[in-house]
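Reader: I have not looked at this one before. Can you walk me through it?
Author: Here it is; ask as you go.

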Amino acid sequence: MSVQATSLSDLPPSVAPIDQFESDFLAHRKSMRLNWAIGSLVFFVLFMLTAWIGDFFKVTQVTTIDGAREWRWIISAGLPRLGEFVVQTVPTLTWENLGADLANWFWRWPIWMQLLLETILIAFMATVLGVIGGFVLSFPAARNLTPNKYVLWVCRRYLEIARTVPELVWALIFVFCFSVGPMAGVLAIALHATGALGKLYSEVNENIDMRPLEGVKAAGGSWFDQIRYGAVPQVMPNIISYTLLRFEINVRASSIIGYVGAGGLGQEFRTAMSFQEYTDLSALFVIIFFTVVIIDYLSEKLRHRIIGMGERT
Amino acid sequence: MAALNISGLSKHFGTTKAVDSATLEIEAGQFVGVIGRSGAGKSTLLRLINRLIDPTEGSVSFDGVDITKLKGKALRQWRRDCAMIFQQFNLVDRLDVITNVLIGRVAEHSILSSTAMRFSDAERAMAAKALDRLDMVPFALQRAGTLSGGQQQRVAIARALVQNPRIMLADEPIASLDPGNATRVMEALRTINEEDKLTVLVNLHTLDTAREYCGRIIAMRQGQVMFDGPAHELTDAVVRDIYGADGLEDFNEAVTSTSVKGQEPVAA
(Lines give C-alpha, C1' and ligand atoms only; values in the text may rest on other atoms or scores of the structure.)
Protein backbone atom coordinates (compact mmCIF):
# COMPACT_ATOMS: atom_id res chain seq x y z
CA MET A 1 0.00 0.00 0.00
CA SER A 2 2.70 2.47 1.04
CA VAL A 3 4.56 1.83 -2.22
CA GLN A 4 1.52 2.75 -4.26
CA ALA A 5 0.77 5.88 -2.21
CA THR A 6 4.20 7.40 -2.83
CA SER A 7 4.07 6.74 -6.56
CA LEU A 8 0.66 8.43 -6.80
CA SER A 9 1.78 11.61 -5.03
CA ASP A 10 4.83 11.76 -7.32
CA LEU A 11 2.55 12.26 -10.33
CA PRO A 12 1.91 15.86 -11.44
CA PRO A 13 -1.52 16.93 -10.19
CA SER A 14 -3.07 17.31 -13.66
CA VAL A 15 -6.76 16.80 -12.75
CA ALA A 16 -8.11 16.70 -9.24
CA PRO A 17 -9.81 13.31 -8.61
CA ILE A 18 -13.15 14.89 -7.73
CA ASP A 19 -13.23 16.98 -10.92
CA GLN A 20 -12.34 13.87 -12.86
CA PHE A 21 -15.24 12.05 -11.18
CA GLU A 22 -17.64 14.93 -12.02
CA SER A 23 -16.81 14.83 -15.71
CA ASP A 24 -16.93 11.00 -15.77
CA PHE A 25 -20.27 11.07 -14.03
CA LEU A 26 -21.73 13.59 -16.50
CA ALA A 27 -20.54 11.53 -19.45
CA HIS A 28 -21.94 8.37 -17.86
CA ARG A 29 -25.32 10.00 -17.21
CA LYS A 30 -25.48 11.38 -20.74
CA SER A 31 -24.93 7.97 -22.29
CA MET A 32 -27.47 6.41 -19.93
CA ARG A 33 -30.09 8.96 -21.00
CA LEU A 34 -29.37 8.40 -24.65
CA ASN A 35 -29.76 4.65 -24.20
CA TRP A 36 -33.04 5.13 -22.41
CA ALA A 37 -34.34 7.44 -25.15
CA ILE A 38 -33.40 5.00 -27.91
CA GLY A 39 -34.85 2.07 -25.97
CA SER A 40 -38.14 3.87 -25.33
CA LEU A 41 -38.46 4.90 -28.97
CA VAL A 42 -37.87 1.37 -30.23
CA PHE A 43 -40.36 0.02 -27.73
CA PHE A 44 -43.00 2.60 -28.72
CA VAL A 45 -42.59 1.92 -32.44
CA LEU A 46 -42.84 -1.84 -31.89
CA PHE A 47 -45.95 -1.42 -29.77
CA MET A 48 -47.70 0.76 -32.34
CA LEU A 49 -46.75 -1.62 -35.13
CA THR A 50 -48.24 -4.53 -33.18
CA ALA A 51 -51.42 -2.56 -32.55
CA TRP A 52 -51.68 -1.77 -36.27
CA ILE A 53 -51.22 -5.43 -37.24
CA GLY A 54 -53.82 -6.32 -34.61
CA ASP A 55 -56.42 -4.08 -36.34
CA PHE A 56 -56.53 -1.60 -33.45
CA PHE A 57 -56.52 1.33 -35.90
CA LYS A 58 -59.21 -0.15 -38.14
CA VAL A 59 -62.17 2.00 -39.11
CA THR A 60 -65.47 0.27 -39.66
CA GLN A 61 -68.99 1.18 -40.84
CA VAL A 62 -71.79 1.32 -38.28
CA THR A 63 -75.53 2.02 -38.58
CA THR A 64 -76.64 4.99 -36.48
CA ILE A 65 -80.02 5.27 -34.78
CA ASP A 66 -81.51 7.20 -37.71
CA GLY A 67 -80.46 4.45 -40.12
CA ALA A 68 -77.51 6.25 -41.74
CA ARG A 69 -74.20 4.46 -42.30
CA GLU A 70 -71.18 6.09 -40.71
CA TRP A 71 -67.47 5.39 -40.41
CA ARG A 72 -66.25 4.80 -36.87
CA TRP A 73 -63.02 3.73 -35.16
CA ILE A 74 -63.36 0.02 -34.34
CA ILE A 75 -63.11 0.40 -30.55
CA SER A 76 -65.92 2.96 -30.31
CA ALA A 77 -67.95 0.87 -32.77
CA GLY A 78 -67.48 -2.38 -30.85
CA LEU A 79 -67.76 -1.31 -27.21
CA PRO A 80 -71.56 -0.88 -27.28
CA ARG A 81 -71.86 -4.46 -28.46
CA LEU A 82 -70.08 -5.60 -25.28
CA GLY A 83 -72.85 -3.86 -23.39
CA GLU A 84 -75.46 -5.67 -25.47
CA PHE A 85 -73.87 -9.01 -24.65
CA VAL A 86 -73.66 -8.31 -20.94
CA VAL A 87 -77.30 -7.16 -20.88
CA GLN A 88 -78.36 -10.41 -22.50
CA THR A 89 -76.56 -12.49 -19.86
CA VAL A 90 -78.02 -10.58 -16.91
CA PRO A 91 -80.91 -12.50 -15.41
CA THR A 92 -84.15 -10.79 -14.34
CA LEU A 93 -83.99 -10.61 -10.59
CA THR A 94 -86.76 -8.89 -8.65
CA TRP A 95 -86.79 -8.24 -4.95
CA GLU A 96 -90.39 -9.43 -4.45
CA ASN A 97 -89.75 -12.71 -6.17
CA LEU A 98 -86.06 -13.24 -5.46
CA GLY A 99 -86.17 -16.93 -4.54
CA ALA A 100 -88.05 -17.98 -7.64
CA ASP A 101 -85.91 -15.71 -9.84
CA LEU A 102 -82.69 -17.22 -8.47
CA ALA A 103 -84.09 -20.72 -8.91
CA ASN A 104 -84.92 -19.74 -12.47
CA TRP A 105 -81.40 -18.36 -13.04
CA PHE A 106 -79.69 -21.51 -11.69
CA TRP A 107 -82.35 -23.80 -13.09
CA ARG A 108 -79.89 -26.55 -14.02
CA TRP A 109 -78.15 -26.51 -10.62
CA PRO A 110 -78.26 -30.30 -9.91
CA ILE A 111 -76.36 -30.95 -13.14
CA TRP A 112 -74.08 -27.97 -12.60
CA MET A 113 -73.15 -29.03 -9.07
CA GLN A 114 -72.33 -32.51 -10.32
CA LEU A 115 -70.21 -31.03 -13.10
CA LEU A 116 -68.53 -28.65 -10.65
CA LEU A 117 -67.50 -31.62 -8.53
CA GLU A 118 -66.21 -33.30 -11.68
CA THR A 119 -64.28 -30.14 -12.55
CA ILE A 120 -62.56 -30.04 -9.18
CA LEU A 121 -61.79 -33.77 -9.29
CA ILE A 122 -60.28 -33.41 -12.75
CA ALA A 123 -58.10 -30.57 -11.45
CA PHE A 124 -57.09 -32.61 -8.40
CA MET A 125 -56.11 -35.74 -10.27
CA ALA A 126 -54.37 -33.77 -13.00
CA THR A 127 -52.38 -31.87 -10.36
CA VAL A 128 -51.30 -35.11 -8.67
CA LEU A 129 -50.14 -36.61 -11.96
CA GLY A 130 -48.50 -33.34 -13.04
CA VAL A 131 -46.63 -33.04 -9.73
CA ILE A 132 -45.31 -36.59 -10.00
CA GLY A 133 -44.15 -36.10 -13.60
CA GLY A 134 -42.77 -32.61 -13.03
CA PHE A 135 -40.99 -33.56 -9.80
CA VAL A 136 -39.28 -36.62 -11.23
CA LEU A 137 -38.15 -34.79 -14.37
CA SER A 138 -37.13 -31.57 -12.63
CA PHE A 139 -33.89 -33.10 -11.31
CA PRO A 140 -32.45 -34.40 -14.59
CA ALA A 141 -33.76 -31.18 -16.19
CA ALA A 142 -31.76 -28.95 -13.81
CA ARG A 143 -28.39 -27.88 -15.20
CA ASN A 144 -26.59 -28.37 -11.88
CA LEU A 145 -28.06 -31.78 -11.03
CA THR A 146 -28.41 -33.59 -14.34
CA PRO A 147 -26.32 -36.78 -14.67
CA ASN A 148 -25.27 -35.79 -18.20
CA LYS A 149 -26.11 -33.30 -20.95
CA TYR A 150 -28.05 -35.77 -23.12
CA VAL A 151 -30.46 -36.57 -20.30
CA LEU A 152 -30.75 -32.83 -19.67
CA TRP A 153 -31.59 -32.20 -23.33
CA VAL A 154 -34.23 -34.93 -23.55
CA CYS A 155 -35.93 -33.93 -20.29
CA ARG A 156 -35.97 -30.25 -21.15
CA ARG A 157 -37.41 -30.81 -24.64
CA TYR A 158 -40.08 -33.13 -23.25
CA LEU A 159 -41.12 -30.55 -20.64
CA GLU A 160 -41.12 -27.81 -23.27
CA ILE A 161 -43.41 -29.74 -25.61
CA ALA A 162 -45.69 -30.70 -22.73
CA ARG A 163 -46.18 -27.10 -21.63
CA THR A 164 -46.09 -25.35 -25.01
CA VAL A 165 -49.20 -27.16 -26.24
CA PRO A 166 -52.20 -25.64 -24.43
CA GLU A 167 -54.52 -27.81 -22.33
CA LEU A 168 -57.32 -27.29 -24.83
CA VAL A 169 -55.27 -28.76 -27.65
CA TRP A 170 -54.10 -31.73 -25.55
CA ALA A 171 -57.78 -32.19 -24.61
CA LEU A 172 -58.79 -32.30 -28.29
CA ILE A 173 -56.14 -34.95 -28.94
CA PHE A 174 -57.08 -37.07 -25.92
CA VAL A 175 -60.82 -36.80 -26.68
CA PHE A 176 -59.95 -38.24 -30.09
CA CYS A 177 -58.00 -41.09 -28.40
CA PHE A 178 -60.09 -41.89 -25.34
CA SER A 179 -63.49 -40.50 -26.37
CA VAL A 180 -65.49 -37.78 -24.64
CA GLY A 181 -65.25 -37.64 -20.85
CA PRO A 182 -63.23 -36.52 -17.85
CA MET A 183 -60.35 -38.93 -18.50
CA ALA A 184 -59.28 -36.94 -21.54
CA GLY A 185 -59.43 -33.80 -19.41
CA VAL A 186 -57.33 -35.29 -16.64
CA LEU A 187 -54.64 -36.41 -19.09
CA ALA A 188 -54.65 -33.09 -20.95
CA ILE A 189 -54.25 -30.94 -17.86
CA ALA A 190 -51.80 -33.40 -16.26
CA LEU A 191 -49.54 -33.27 -19.29
CA HIS A 192 -49.56 -29.50 -19.50
CA ALA A 193 -49.04 -29.25 -15.73
CA THR A 194 -46.08 -31.66 -15.94
CA GLY A 195 -44.41 -29.32 -18.41
CA ALA A 196 -45.17 -26.17 -16.47
CA LEU A 197 -44.30 -27.59 -13.04
CA GLY A 198 -41.21 -29.41 -14.31
CA LYS A 199 -39.88 -26.09 -15.55
CA LEU A 200 -40.64 -24.24 -12.30
CA TYR A 201 -39.29 -27.05 -10.12
CA SER A 202 -36.10 -27.34 -12.18
CA GLU A 203 -35.49 -23.62 -11.75
CA VAL A 204 -35.89 -24.07 -8.00
CA ASN A 205 -33.39 -26.92 -8.22
CA GLU A 206 -30.91 -24.74 -10.06
CA ASN A 207 -30.88 -22.25 -7.20
CA ILE A 208 -30.07 -24.67 -4.39
CA ASP A 209 -26.94 -24.73 -2.28
CA MET A 210 -24.74 -27.50 -3.71
CA ARG A 211 -22.63 -27.98 -0.56
CA PRO A 212 -25.01 -30.45 1.15
CA LEU A 213 -24.93 -32.56 -2.03
CA GLU A 214 -21.15 -32.52 -1.91
CA GLY A 215 -21.35 -33.67 1.70
CA VAL A 216 -23.54 -36.63 0.71
CA LYS A 217 -21.26 -37.43 -2.23
CA ALA A 218 -18.15 -37.35 -0.05
CA ALA A 219 -19.83 -39.82 2.33
CA GLY A 220 -20.23 -42.31 -0.52
CA GLY A 221 -23.73 -41.36 -1.69
CA SER A 222 -24.86 -42.11 -5.24
CA TRP A 223 -26.47 -39.52 -7.55
CA PHE A 224 -29.84 -40.59 -6.23
CA ASP A 225 -28.70 -40.23 -2.59
CA GLN A 226 -27.40 -36.74 -3.31
CA ILE A 227 -30.79 -35.76 -4.75
CA ARG A 228 -32.77 -37.46 -1.99
CA TYR A 229 -30.79 -36.11 0.97
CA GLY A 230 -29.10 -33.01 -0.39
CA ALA A 231 -31.60 -31.50 -2.83
CA VAL A 232 -35.12 -32.61 -1.92
CA PRO A 233 -35.19 -31.21 1.65
CA GLN A 234 -33.99 -27.87 0.30
CA VAL A 235 -36.59 -27.52 -2.44
CA MET A 236 -39.60 -28.96 -0.57
CA PRO A 237 -41.20 -25.67 0.62
CA ASN A 238 -41.02 -24.20 -2.90
CA ILE A 239 -42.37 -27.40 -4.43
CA ILE A 240 -45.40 -27.37 -2.14
CA SER A 241 -46.01 -23.69 -2.81
CA TYR A 242 -45.86 -24.09 -6.61
CA THR A 243 -48.03 -27.20 -6.41
CA LEU A 244 -50.85 -25.39 -4.62
CA LEU A 245 -50.58 -22.53 -7.09
CA ARG A 246 -50.83 -25.04 -9.92
CA PHE A 247 -53.95 -26.57 -8.39
CA GLU A 248 -55.63 -23.16 -8.57
CA ILE A 249 -54.61 -22.80 -12.22
CA ASN A 250 -55.80 -26.34 -12.98
CA VAL A 251 -59.26 -25.63 -11.54
CA ARG A 252 -59.56 -22.76 -14.02
CA ALA A 253 -58.28 -24.96 -16.84
CA SER A 254 -60.60 -27.86 -16.02
CA SER A 255 -63.62 -25.54 -16.00
CA ILE A 256 -63.04 -24.74 -19.68
CA ILE A 257 -61.75 -27.97 -21.28
CA GLY A 258 -65.29 -29.40 -21.22
CA TYR A 259 -65.83 -27.09 -24.19
CA VAL A 260 -64.12 -29.72 -26.34
CA GLY A 261 -65.76 -32.62 -24.53
CA ALA A 262 -63.08 -33.38 -21.96
CA GLY A 263 -65.36 -33.30 -18.91
CA GLY A 264 -66.33 -30.70 -16.33
CA LEU A 265 -68.41 -27.54 -16.44
CA GLY A 266 -67.01 -26.40 -19.77
CA GLN A 267 -69.46 -28.46 -21.75
CA GLU A 268 -72.30 -26.38 -20.31
CA PHE A 269 -70.76 -23.23 -21.85
CA ARG A 270 -71.05 -24.84 -25.22
CA THR A 271 -74.63 -25.96 -24.63
CA ALA A 272 -75.66 -22.55 -23.37
CA MET A 273 -74.02 -20.80 -26.33
CA SER A 274 -75.61 -23.06 -28.91
CA PHE A 275 -79.07 -22.81 -27.33
CA GLN A 276 -78.57 -19.06 -26.88
CA GLU A 277 -79.33 -19.38 -23.16
CA TYR A 278 -77.26 -16.35 -22.29
CA THR A 279 -78.34 -16.12 -18.64
CA ASP A 280 -76.91 -19.62 -18.17
CA LEU A 281 -73.52 -18.18 -19.10
CA SER A 282 -73.66 -15.69 -16.25
CA ALA A 283 -74.84 -18.40 -13.86
CA LEU A 284 -71.90 -20.60 -14.85
CA PHE A 285 -69.56 -17.64 -14.57
CA VAL A 286 -70.79 -16.98 -11.02
CA ILE A 287 -70.31 -20.63 -10.05
CA ILE A 288 -66.77 -20.79 -11.42
CA PHE A 289 -65.88 -17.40 -10.02
CA PHE A 290 -66.84 -18.34 -6.47
CA THR A 291 -65.25 -21.78 -6.70
CA VAL A 292 -61.94 -20.28 -7.85
CA VAL A 293 -62.08 -17.54 -5.20
CA ILE A 294 -62.66 -20.09 -2.43
CA ILE A 295 -59.91 -22.43 -3.66
CA ASP A 296 -57.49 -19.52 -4.13
CA TYR A 297 -58.20 -18.31 -0.63
CA LEU A 298 -57.74 -21.70 1.02
CA SER A 299 -54.61 -22.61 -0.88
CA GLU A 300 -53.09 -19.20 -0.23
CA LYS A 301 -53.69 -19.68 3.50
CA LEU A 302 -52.07 -23.09 3.33
CA ARG A 303 -49.19 -21.82 1.23
CA HIS A 304 -48.37 -18.97 3.58
CA ARG A 305 -48.50 -21.35 6.47
CA ILE A 306 -46.00 -23.67 4.80
CA ILE A 307 -43.69 -20.83 3.79
CA GLY A 308 -43.98 -19.39 7.30
CA MET A 309 -43.08 -22.75 8.76
CA GLY A 310 -39.93 -22.82 6.66
CA GLU A 311 -38.89 -19.39 7.86
CA ARG A 312 -39.52 -19.92 11.54
CA THR A 313 -36.96 -22.65 12.04
CA MET B 1 4.39 -49.70 3.98
CA ALA B 2 2.70 -46.39 3.96
CA ALA B 3 -1.10 -46.35 4.14
CA LEU B 4 -1.60 -43.56 1.65
CA ASN B 5 0.69 -43.32 -1.35
CA ILE B 6 0.45 -40.29 -3.58
CA SER B 7 2.73 -40.32 -6.59
CA GLY B 8 3.12 -37.69 -9.27
CA LEU B 9 -0.39 -36.42 -8.62
CA SER B 10 -1.46 -33.44 -10.76
CA LYS B 11 -4.69 -31.62 -11.37
CA HIS B 12 -4.92 -28.95 -14.06
CA PHE B 13 -7.78 -26.51 -14.42
CA GLY B 14 -7.20 -25.08 -17.88
CA THR B 15 -3.66 -23.75 -17.76
CA THR B 16 -3.42 -23.50 -13.96
CA LYS B 17 -1.81 -26.38 -12.18
CA ALA B 18 -3.79 -26.61 -8.94
CA VAL B 19 -1.76 -29.60 -7.85
CA ASP B 20 1.56 -30.11 -9.60
CA SER B 21 3.12 -33.59 -9.42
CA ALA B 22 2.75 -34.08 -5.69
CA THR B 23 4.39 -37.17 -4.25
CA LEU B 24 3.71 -38.08 -0.63
CA GLU B 25 3.69 -41.10 1.65
CA ILE B 26 1.49 -40.99 4.70
CA GLU B 27 1.81 -43.65 7.38
CA ALA B 28 -1.24 -45.09 9.07
CA GLY B 29 -2.20 -43.21 12.23
CA GLN B 30 -0.40 -39.96 11.42
CA PHE B 31 -1.90 -36.55 12.11
CA VAL B 32 -0.84 -34.50 9.11
CA GLY B 33 -1.41 -30.80 8.61
CA VAL B 34 -1.37 -29.28 5.13
CA ILE B 35 -0.61 -25.57 5.06
CA GLY B 36 -0.14 -22.97 2.36
CA ARG B 37 -1.66 -19.72 1.14
CA SER B 38 -5.10 -19.56 -0.48
CA GLY B 39 -5.03 -21.17 -3.90
CA ALA B 40 -1.94 -23.24 -3.14
CA GLY B 41 -3.83 -26.45 -3.96
CA LYS B 42 -4.56 -27.76 -0.47
CA SER B 43 -8.28 -28.27 -1.07
CA THR B 44 -7.69 -29.75 -4.50
CA LEU B 45 -5.27 -32.25 -2.97
CA LEU B 46 -7.87 -33.46 -0.46
CA ARG B 47 -10.58 -33.59 -3.10
CA LEU B 48 -8.32 -35.70 -5.28
CA ILE B 49 -7.76 -38.13 -2.43
CA ASN B 50 -11.50 -38.42 -1.72
CA ARG B 51 -12.11 -38.56 -5.50
CA LEU B 52 -14.60 -35.69 -5.47
CA ILE B 53 -12.52 -34.70 -8.49
CA ASP B 54 -10.41 -36.82 -10.83
CA PRO B 55 -6.67 -36.22 -11.26
CA THR B 56 -5.17 -35.09 -14.56
CA GLU B 57 -2.27 -37.45 -14.00
CA GLY B 58 -0.58 -39.45 -11.28
CA SER B 59 -2.11 -41.84 -8.82
CA VAL B 60 -3.26 -42.25 -5.25
CA SER B 61 -3.26 -45.65 -3.62
CA PHE B 62 -4.46 -46.70 -0.22
CA ASP B 63 -3.27 -49.98 1.34
CA GLY B 64 -2.06 -51.03 -2.09
CA VAL B 65 -5.33 -50.31 -3.91
CA ASP B 66 -5.10 -47.73 -6.69
CA ILE B 67 -8.08 -45.53 -5.89
CA THR B 68 -7.69 -43.31 -8.94
CA LYS B 69 -9.03 -46.16 -11.08
CA LEU B 70 -12.15 -46.92 -9.00
CA LYS B 71 -15.59 -46.61 -10.57
CA GLY B 72 -19.25 -46.99 -9.57
CA LYS B 73 -19.88 -48.84 -6.33
CA ALA B 74 -16.20 -49.34 -5.57
CA LEU B 75 -15.68 -45.57 -5.87
CA ARG B 76 -18.60 -44.83 -3.55
CA GLN B 77 -17.17 -47.32 -1.05
CA TRP B 78 -13.80 -45.58 -1.21
CA ARG B 79 -15.49 -42.25 -0.48
CA ARG B 80 -17.16 -43.89 2.52
CA ASP B 81 -13.76 -45.23 3.70
CA CYS B 82 -12.21 -41.81 3.21
CA ALA B 83 -14.40 -39.52 5.31
CA MET B 84 -14.25 -35.80 4.64
CA ILE B 85 -15.29 -32.73 6.57
CA PHE B 86 -15.56 -29.28 5.05
CA GLN B 87 -15.05 -25.64 5.93
CA GLN B 88 -18.75 -24.92 5.41
CA PHE B 89 -19.80 -28.20 7.12
CA ASN B 90 -21.93 -29.27 4.10
CA LEU B 91 -24.82 -30.44 6.22
CA VAL B 92 -28.41 -30.51 5.04
CA ASP B 93 -29.84 -27.56 6.97
CA ARG B 94 -33.45 -28.65 6.77
CA LEU B 95 -32.87 -32.17 8.08
CA ASP B 96 -32.47 -32.95 11.76
CA VAL B 97 -29.06 -33.66 13.24
CA ILE B 98 -29.49 -37.43 13.57
CA THR B 99 -30.51 -37.79 9.91
CA ASN B 100 -27.52 -35.69 8.90
CA VAL B 101 -25.28 -38.08 10.81
CA LEU B 102 -27.02 -41.09 9.26
CA ILE B 103 -26.16 -39.70 5.81
CA GLY B 104 -22.76 -41.18 6.62
CA ARG B 105 -24.42 -44.58 6.15
CA VAL B 106 -25.98 -44.02 2.70
CA ALA B 107 -23.26 -45.95 0.89
CA GLU B 108 -24.69 -49.14 2.47
CA HIS B 109 -28.25 -48.47 1.37
CA SER B 110 -30.33 -49.37 -1.65
CA ILE B 111 -32.40 -46.83 -3.58
CA LEU B 112 -35.57 -48.00 -1.82
CA SER B 113 -34.40 -47.63 1.76
CA SER B 114 -32.67 -44.40 0.75
CA THR B 115 -35.93 -42.97 -0.61
CA ALA B 116 -37.74 -43.73 2.62
CA MET B 117 -34.75 -42.53 4.70
CA ARG B 118 -34.93 -45.87 6.50
CA PHE B 119 -32.05 -46.75 8.76
CA SER B 120 -31.65 -49.75 11.04
CA ASP B 121 -31.72 -49.51 14.82
CA ALA B 122 -28.05 -50.46 14.89
CA GLU B 123 -27.24 -47.54 12.60
CA ARG B 124 -29.26 -45.16 14.74
CA ALA B 125 -27.43 -46.38 17.84
CA MET B 126 -24.13 -45.87 16.01
CA ALA B 127 -25.12 -42.31 15.09
CA ALA B 128 -26.19 -41.55 18.65
CA LYS B 129 -22.88 -42.88 19.96
CA ALA B 130 -20.94 -40.74 17.48
CA LEU B 131 -22.95 -37.67 18.51
CA ASP B 132 -22.30 -38.50 22.15
CA ARG B 133 -18.54 -38.50 21.60
CA LEU B 134 -18.92 -34.91 20.40
CA ASP B 135 -21.41 -33.89 23.11
CA MET B 136 -24.09 -33.34 20.51
CA VAL B 137 -26.73 -35.90 21.54
CA PRO B 138 -29.04 -33.27 23.12
CA PHE B 139 -29.37 -31.66 19.68
CA ALA B 140 -30.12 -34.89 17.82
CA LEU B 141 -33.66 -33.97 16.84
CA GLN B 142 -32.98 -30.31 16.08
CA ARG B 143 -32.65 -29.08 12.52
CA ALA B 144 -28.99 -28.79 11.54
CA GLY B 145 -29.53 -25.27 10.17
CA THR B 146 -30.46 -23.96 13.61
CA LEU B 147 -27.09 -24.90 15.15
CA SER B 148 -24.05 -22.66 15.49
CA GLY B 149 -21.05 -23.17 13.20
CA GLY B 150 -19.06 -25.07 15.80
CA GLN B 151 -21.97 -27.37 16.56
CA GLN B 152 -22.55 -27.98 12.85
CA GLN B 153 -18.91 -28.93 12.38
CA ARG B 154 -19.16 -31.42 15.23
CA VAL B 155 -22.25 -32.93 13.57
CA ALA B 156 -20.20 -33.19 10.37
CA ILE B 157 -17.47 -35.03 12.30
CA ALA B 158 -20.11 -37.40 13.70
CA ARG B 159 -21.32 -38.03 10.16
CA ALA B 160 -17.74 -38.81 9.16
CA LEU B 161 -17.37 -41.20 12.12
CA VAL B 162 -20.42 -43.33 11.27
CA GLN B 163 -18.89 -43.95 7.87
CA ASN B 164 -16.42 -46.19 9.77
CA PRO B 165 -13.67 -44.51 7.79
CA ARG B 166 -10.10 -45.70 7.37
CA ILE B 167 -8.78 -42.19 6.89
CA MET B 168 -10.20 -38.77 7.75
CA LEU B 169 -9.74 -35.68 5.59
CA ALA B 170 -10.61 -32.21 6.87
CA ASP B 171 -10.70 -29.26 4.48
CA GLU B 172 -10.11 -26.15 6.58
CA PRO B 173 -12.45 -27.41 9.29
CA ILE B 174 -11.92 -24.42 11.59
CA ALA B 175 -11.60 -21.58 9.08
CA SER B 176 -15.08 -20.23 9.79
CA LEU B 177 -15.20 -20.93 13.50
CA ASP B 178 -14.45 -18.78 16.51
CA PRO B 179 -11.37 -19.74 18.60
CA GLY B 180 -13.33 -21.68 21.24
CA ASN B 181 -15.15 -23.80 18.69
CA ALA B 182 -12.00 -24.19 16.61
CA THR B 183 -10.26 -25.68 19.63
CA ARG B 184 -13.13 -28.09 20.30
CA VAL B 185 -13.11 -29.27 16.69
CA MET B 186 -9.32 -29.72 16.62
CA GLU B 187 -9.44 -31.58 19.94
CA ALA B 188 -12.13 -33.84 18.53
CA LEU B 189 -9.93 -34.64 15.54
CA ARG B 190 -6.99 -35.33 17.86
CA THR B 191 -9.10 -37.67 19.99
CA ILE B 192 -10.25 -39.55 16.90
CA ASN B 193 -6.64 -39.82 15.74
CA GLU B 194 -5.45 -41.13 19.09
CA GLU B 195 -8.35 -43.37 20.13
CA ASP B 196 -9.43 -44.76 16.77
CA LYS B 197 -5.90 -44.78 15.33
CA LEU B 198 -7.29 -43.03 12.28
CA THR B 199 -5.02 -41.24 9.85
CA VAL B 200 -6.04 -37.58 9.81
CA LEU B 201 -5.13 -35.17 7.02
CA VAL B 202 -6.18 -31.62 7.74
CA ASN B 203 -5.87 -28.39 5.74
CA LEU B 204 -5.16 -25.42 7.92
CA HIS B 205 -4.75 -21.69 7.58
CA THR B 206 -3.41 -21.13 11.03
CA LEU B 207 0.23 -22.01 11.61
CA ASP B 208 0.06 -22.25 15.37
CA THR B 209 -2.80 -24.75 15.13
CA ALA B 210 -0.75 -26.81 12.72
CA ARG B 211 2.23 -26.72 15.08
CA GLU B 212 0.04 -27.57 18.06
CA TYR B 213 -1.81 -30.56 16.64
CA CYS B 214 0.05 -31.97 13.68
CA GLY B 215 3.00 -34.30 14.14
CA ARG B 216 3.85 -33.76 10.51
CA ILE B 217 3.38 -30.70 8.37
CA ILE B 218 3.18 -30.54 4.60
CA ALA B 219 3.42 -27.11 3.04
CA MET B 220 2.25 -26.38 -0.47
CA ARG B 221 2.95 -23.51 -2.80
CA GLN B 222 1.55 -23.18 -6.31
CA GLY B 223 0.45 -26.79 -6.33
CA GLN B 224 3.84 -28.16 -5.29
CA VAL B 225 4.93 -29.69 -2.02
CA MET B 226 7.53 -27.27 -0.65
CA PHE B 227 8.06 -28.65 2.81
CA ASP B 228 7.38 -31.97 4.44
CA GLY B 229 8.55 -32.67 7.96
CA PRO B 230 7.95 -32.39 11.69
CA ALA B 231 6.54 -29.12 13.03
CA HIS B 232 9.78 -27.98 14.68
CA GLU B 233 11.59 -27.98 11.33
CA LEU B 234 9.13 -25.42 10.02
CA THR B 235 11.35 -22.40 10.55
CA ASP B 236 10.54 -18.74 9.92
CA ALA B 237 12.51 -18.79 6.69
CA VAL B 238 10.51 -21.75 5.39
CA VAL B 239 7.24 -20.08 6.36
CA ARG B 240 8.24 -16.88 4.52
CA ASP B 241 9.01 -18.93 1.47
CA ILE B 242 5.68 -20.77 1.54
CA TYR B 243 3.51 -17.74 2.09
CA GLY B 244 5.56 -15.50 -0.15
CA ALA B 245 5.84 -13.02 2.71
CA ASP B 246 8.97 -11.33 1.33
CA GLY B 247 7.23 -7.97 0.86
CA LEU B 248 5.84 -7.93 4.36
CA GLU B 249 8.21 -6.39 6.91
CA ASP B 250 6.69 -8.07 9.83
CA PHE B 251 5.23 -11.53 9.39
CA ASN B 252 3.46 -12.45 12.55
CA GLU B 253 2.00 -15.87 13.19
CA ALA B 254 -0.18 -14.50 15.95
CA VAL B 255 -2.23 -12.58 13.38
CA THR B 256 -3.91 -15.77 12.22
CA SER B 257 -3.80 -17.45 15.58
CA THR B 258 -6.92 -19.13 16.90
CA SER B 259 -5.55 -20.25 20.22
CA VAL B 260 -7.42 -19.30 23.34
CA LYS B 261 -4.73 -18.14 25.72
CA GLY B 262 -4.79 -18.87 29.43
CA GLN B 263 -7.38 -21.60 29.06
CA GLU B 264 -7.11 -25.34 28.88
CA PRO B 265 -8.35 -26.75 25.57
CA VAL B 266 -11.90 -28.04 25.85
CA ALA B 267 -11.92 -31.81 25.86
CA ALA B 268 -13.98 -33.24 23.04
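Reader: What share of the contacts in chain A with a separation of 6 or more comes from residues 24 or more positions apart?
Author: That share is 66%. Two residues are in contact if their C-beta atoms, placed from the backbone, lie within 7 Å. Note that this is a predicted model, where local features need pLDDT of at least 70 and side-chain atom pairs count only at pLDDT 80 or more, while totals for chains, interfaces and linings use all residues. Residues are numbered from 1 along each chain as its sequence is written, and chains are lettered from A and ligands numbered from 1 in the order in which they are written.

Reader: OK. How many helices and strands in chain A?
Author: Chain A has 12 helices and 2 strands. These are DSSP runs numbered from the N terminus: helices are H or I with at least four residues, strands E with at least two. From the N terminus, the order is α-α-β-β-α-α-α-α-α-α-α-α-α-α.

Reader: And what does the C-alpha trace of chain A span?
Author: About 95 × 65 × 40 Å along its principal axes.

Reader: Switching topic: is helix H9 of chain A mostly covered or uncovered?
Author: Mostly covered: H9(A), residues 211-218, has 6 of its 8 residues buried. Buried takes 20 or more other C-beta atoms within 10 Å of the residue's own, with C-beta atoms placed from the backbone. Among the buried ones are Pro212(A), Leu213(A) and Val216(A).

Reader: What covers them?
Author: The cover includes helix H10 (223-254) of chain A, and from chain B helix H1 (42-50), helix H2 (72-81) and strand E6 (82-85). After H9(A) comes Gly220(A), with a positive phi near 100°.

Reader: How many residues does each chain put into the contact?
Author: Chain B gives 25 residues and chain A gives 19. On the chain B side, H2(B) supplies the largest share, 4 residues.

Reader: Last one: which residues does UniProt list as transmembrane region?
Author: The unreviewed entry lists 34-53, 111-139, 168-191 and 281-299 of chain A; such annotations may be inferred rather than shown by experiment. In the model, residues 111-139 of chain A are 97% helix, with end C-alpha atoms 43 Å apart. Residues 168-191 of chain A are 88% helix, with end C-alpha atoms 11 Å apart.

Terms used
Buried ≥ 20, exposed ≤ 12 C-beta atoms within 10 Å, placed from the backbone.
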